[in-house]
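Here is a short briefing on one protein chain. Look over the sequence and the model before reading on.

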Amino acid sequence: MMGSREVVLWTIKNQRKLCDEFWEMAERKCNGRPDDGGNVGLDEFTKRLWRLIIAKRVDDEIDRGAYMRLELDAWISVGKMDCMKHERIREVLKPSIKVQDSYLPVETGKDGLSVGPLHKTISFSIGFQDHYDQYLLKQIRKKMKGRLFEIVYDAVAVLEQSLDEYCYLYGGACGELEGSINIPSIEDHWQNDGGMRAMPHIAAIIRDGWMELAEKDRKCARALALLWIDSKHLLIKRFGLYAAKATDVLSVDEWFVPLMSWHGYLLWTSTV
């Protein structure tokens with residue numbers, strides 16, 4: 001049952017309405033606890049997917065709602081950042097794993113539920129619910145201009161977590177898997193227009209926030225750029241290359257030598 005496409009999509013769509021007992025049952029089955037032998041018949045991909053669903057990290061629509069816009073309008077442009085503001089910023093900036101139902105024909109069993117591996121009947125990506133989040137991210141860029149350096153660490157942290165979760169779901173190497181994600185250009189570019197819409201804004205927040213940080217605290221900016229160069233994620237590596245291109249905080253050896261060790265075809269193909 002938990003391995004069928006219909007049950008997974010229904011759970012994701014209705015997750016905010018489901019009771020605690022449902023989630024406890026799902027966790028028991030996902031983890032295969034001795035009292036029910038629950039994970040019998042679930043492949044590794046399905047178990048990983050359910051663990052992410054239980055953690056509320058998979059969505060078909062990520063609706064943060066009007067209340068979040070009102071909160072941003074009320075406080076984002078005034079006062080110093082505190083722990084609660086950082087928490088709210090992370091909530092807005094964090095992409096989730098999005099579900100896209102496959103249009104391929106699916107074989108069904110006698111009960112009418114689909115059979116076969118889930119990863120062949122549902123596709124996943126990393127993103128936002130663009131209608132709300134594009135507005136929210138634009139507001140952050142506009143109202144925090146000159147203060148984006150205060151949230152650059154938040155933006156990078158939540159982006160890295162989402163990339164980690166995507167790689168966990170598919171159980172593969174981060175660089176190879178990220179080649180299938182529509183990753184935005186770090187600089188403003190025509191390829192950022194279209195279906196990605198919200199993703200370029202978080203890239204711009206990180207880019208502009210780092211540039212502000214480089215002006216205010218060169219030592220911190222340099223340390224952050226070195227971390228990016230050494231990241232396991234292609235998108236984060238690209239931020240490091242941008243930092244090296246836009247400023248002189250990194251020496252040639254600090255960015256060129258690592259670049260030569262990367263898989264160049266993954267960095268430069270049109271799918272990345």
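Is Phe45 buried or exposed? Phe45 has a relative accessible area of 7%. The cut-off for buried is under 20%, so Phe45 counts as buried. The model is predicted. The protein chain holds 13 helices and three strands.

**Overall build**
- Of the 272 residues in the protein chain, 49% count as buried.
- The accessible surface is about 14,200 Å². Carbon and sulfur atoms account for 54% of that surface.
- Take the contacts between residues at least 6 apart in sequence: 72% of them join residues at least 24 apart.

**Nonpolar cores**
- In soluble globular proteins, nonpolar side chains tend to be buried together.
- The largest nonpolar core has 43 residues. Leu93, Ile140, Ile206, Trp210, Trp228 and Phe239 touch the most other members.
- Elements giving two or more residues to this core are α5 (83-93), α6 (130-143), α7 (152-170), α9 (199-216), α10 (218-229) and α11 (234-246).
- The most comes from α9, with eight residues.
- Another core, of 23 residues, lies apart from the largest one. Met2, Leu18, Trp50 and Ile97 are among its members.
- Leaving out residues up to four places away in sequence, Phe239 touches Leu159, Ile186, Ala203, Ile206, Arg207 and Trp228.

**Aromatic pairs**
- The count of aromatic pairs is seven.
- Phe45 and Tyr170 have ring centres 5.4 Å apart and planes at 50 degrees, so this pair is tilted.
- Phe45 lies in helix α3 and Tyr170 in helix α7, 125 residues apart, and the pair links distant parts of the chain.
- Tyr170 is partly exposed, at 26% relative accessible area.
- Trp210 and Trp228 also form a tilted pair. Their centres are 6.4 Å apart, with 45 degrees between the planes.
- This pair, too, links distant parts of the chain: Trp210 sits in helix α9 and Trp228 in helix α10, 18 residues apart.
- Trp210 is buried, with a relative accessible area of 1%. Trp228 is buried at 2%.

**Ring cluster and a charge**
- Trp10, Phe22 and Trp23 are linked into a cluster by ring pairs.
- Over the ring of Trp23 sits the charged end of Lys56, 4.0 Å from the ring centre.

**A loop residue**
- Asp43 is in the loop between α2 (20-31) and α3 (44-54).
- Asp43 is partly exposed, at 33% relative accessibility.
- Asp43 and Gly3 are 40 residues apart in sequence, yet their C-alpha atoms are 8.3 Å apart in space.

Notes. Residues numbered from 1 in each chain as written. Predicted model: local features only at pLDDT ≥ 70, side-chain atom pairs only at ≥ 80, totals over all residues. Heavy atoms only, no water. Helix = DSSP H or I, 4+ residues; strand = E, 2+ residues; numbered from the N terminus. Buried < 20%, exposed > 50% of the residue type's maximum accessible area, 1.4 Å probe, protein only. Contact = heavy atoms within 4.5 Å. Areas by Shrake-Rupley, 256 points an atom, 1.4 Å probe, with all protein chains shown as cover. Core = buried A, V, L, I, M, F, W, Y, C linked by side-chain atoms within 4.5 Å. Phe/Tyr/Trp six-rings, centres within 6.5 Å; stacked < 30°, edge-to-face > 60°. Lys NZ or Arg CZ within 6 Å of the ring centre and 35° of its normal.
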